[in-house]
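Please open the model in your viewer and keep the sequence panel beside it.

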Amino acid sequence: RRVDRHGKTIGRESLFYKNQLLNIPVATEYQNLFLNTLIWISLKKGLPFIYTWFWPGSYKVAVCSTHDVDDIFGYAHVLKNILETPRKVFYSEIPKKKILLALLVYILYRFLFKKAPPIRYILGVLKNEFDPYLYFEPWLKIQEEYKVNSSYYFLSRYDFNFRDPVVKRLMKRLFDKKIDVEMHVSIESARHARRLKRDKSHSENELEELMPGVRYHTISIKIPDTWKDVSDAGYVFSSNIGFNDVPGFRSGSCFPYSPFNRNEGEEIGLLEIPFGVMEESIFAKEYLGYGKKEGLDLIKDLFRIVKKNNGCFTMIWHPVTLFERALNLNRWQDKLRLSAADLYKEIIDFLSKDNVWFASHKEIANWWIDRENVILKTLYSDNGKLRLEIQTDKKKSITISFLIPLDSNIKDITINGSPFHN
């Protein structure tokens, strides 16, 4: 396998991509073929087939909208590196220092871009408003409108610390809104298992919130070592299987699964939730560089494949910032990056027309783990009686799928001793 300087695998060099298999969840399709074969044999013999359904209630497919928050600082981040001034000065309540910051922003902007910065930049600094890299409102508004539960993965690194009052304030705001916030591991921490564990402990202690999920920055992973390190650090689930440069099904699956450690010959105590779409891989000029119609059509086609298999469709969208918009920073075709929230809304609107479960990664993980712990015991008699016993570790809701032959004489069904009426 070919890797770049960060150690991430190049998707376009993978065998799946070269053999045009990346857009097919091969493992999932074989799994469903096996399941459908068992169902056909069972019904052919006149026997009922009962199994735990994949998702809650009548949902046919799950959709996870996730966001990687790689950086939230705009002026402060740039100025800190140039002037080596502590970031706390930039967010000081002292008027003189805020005026100094506004002046520095003006000078830097004029020097870099040969024009005066928008007046809202200067007013924003003087009013002590959020830095432009904290601009999440468009995304939160769309998610509230369509009742989408999303997951935000916040990067933790040397210059982006959860102890920073601005970062902490933002994350607390999301936690207060009951939004799923998880860890986005830096390249530095990804290389050291001890640091990975330390970052998790420090962030949870600082925020006073649990963060059971993780995704590596730039997907710089090494399998199975990454899974083992993540599990040993105390994470419950990860979403690391996918490519940066091309969309598709890297592991051949569109379902959560428990990874297997081929070196030790056993399952790893972790749940992997693979992702199929990262917007950068589709629209960025350095990758596929698709235009709006071509890119949205590809995302829709991938969703239809997942839906056909009743799977879990995970997308990654990086929040667009005011800083990018004002500076006209654009790596996508046709300035699409600057209207990414509009693209996102169009996709969410398309997905909402199906019977989908918009769930955060934390909800997916909790549901899937509970589902995996369910034990079904059935007793069927020729006199039309079916007894079903469901054993779970917790008192959680679970969805059971009943498939009964049309010519069956089953008339009496009980579940855990209670009569079942269809």
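Throughout this tour, buried means under 20% relative accessible area, exposed means over 50%, and partly exposed is in between, with a 1.4 Å probe and protein chains only. The model is a predicted one, in which local features need pLDDT of at least 70 and side-chain atom pairs count only at pLDDT 80 or more, while totals for chains, interfaces and linings use all residues. Residues are numbered from 1 along each chain as its sequence is written, and side-chain values use heavy atoms, with hydrogens and water left out.

**The whole chain**

Begin with everything selected: the protein chain has 422 residues, of which 51% count as buried. It contains 16 helices and 17 strands; these are DSSP runs numbered from the N terminus, helices being H or I with at least four residues and strands E with at least two.

Next select Thr66, which sits in strand β2 (residues 61–69) and is buried, with a relative accessible area of 0%. Its side chain makes a polar contact of 3.2 Å with the side chain of Arg215; a polar contact is a pair of N or O atoms within 3.5 Å where, within protein, one must be able to donate a hydrogen and the other to accept it, and residues adjacent in sequence count only if both atoms are side-chain atoms.

Are Arg215 and Asp68 buried or exposed? Both of them are buried.

**Two further salt bridges**

The structure holds 21 salt bridges, and another to select is that between Lys292 and Glu346 (3.5 Å, N to O). This pair links distant parts of the chain, with Lys292 in helix α13 and Glu346 in helix α15 (residues 340–352), 54 residues apart. Lys292 is partly exposed at a relative accessible area of 41%, and Glu346 is partly exposed at 33%.

Then move to Asp412 and Arg387, whose side chains meet in a salt bridge (3.2 Å, N to O). Here Asp412 is in strand β16 (residues 412–415) and Arg387 in strand β14 (residues 385–391), 25 residues apart.

**Helix α11**

Now select helix α11 (residues 225–232), where Thr226, Trp227, Val230 and Ser231 are buried. Looking down the axis of α11, you will find its buried residues within an arc of 130°, so they line one face of the helix; the arc is that of the directions from the helix axis to the C-beta atoms. Just after α11, Gly234 takes a positive phi of about 100°.

**A loop residue**

Finally, select Asn309, in the loop between α13 (292–308) and β11 (312–316). With a relative accessible area of 4%, Asn309 is buried, and a polar contact of 3.0 Å joins its side chain to that of Asn32. Setting aside neighbours within four places in sequence, Asn309 is in contact with several residues, including Pro25, Thr28 and Phe255, where contact means heavy atoms within 4.5 Å.

Conventions:
Salt bridge = Lys/Arg side-chain N within 4 Å of Asp/Glu carboxyl O.
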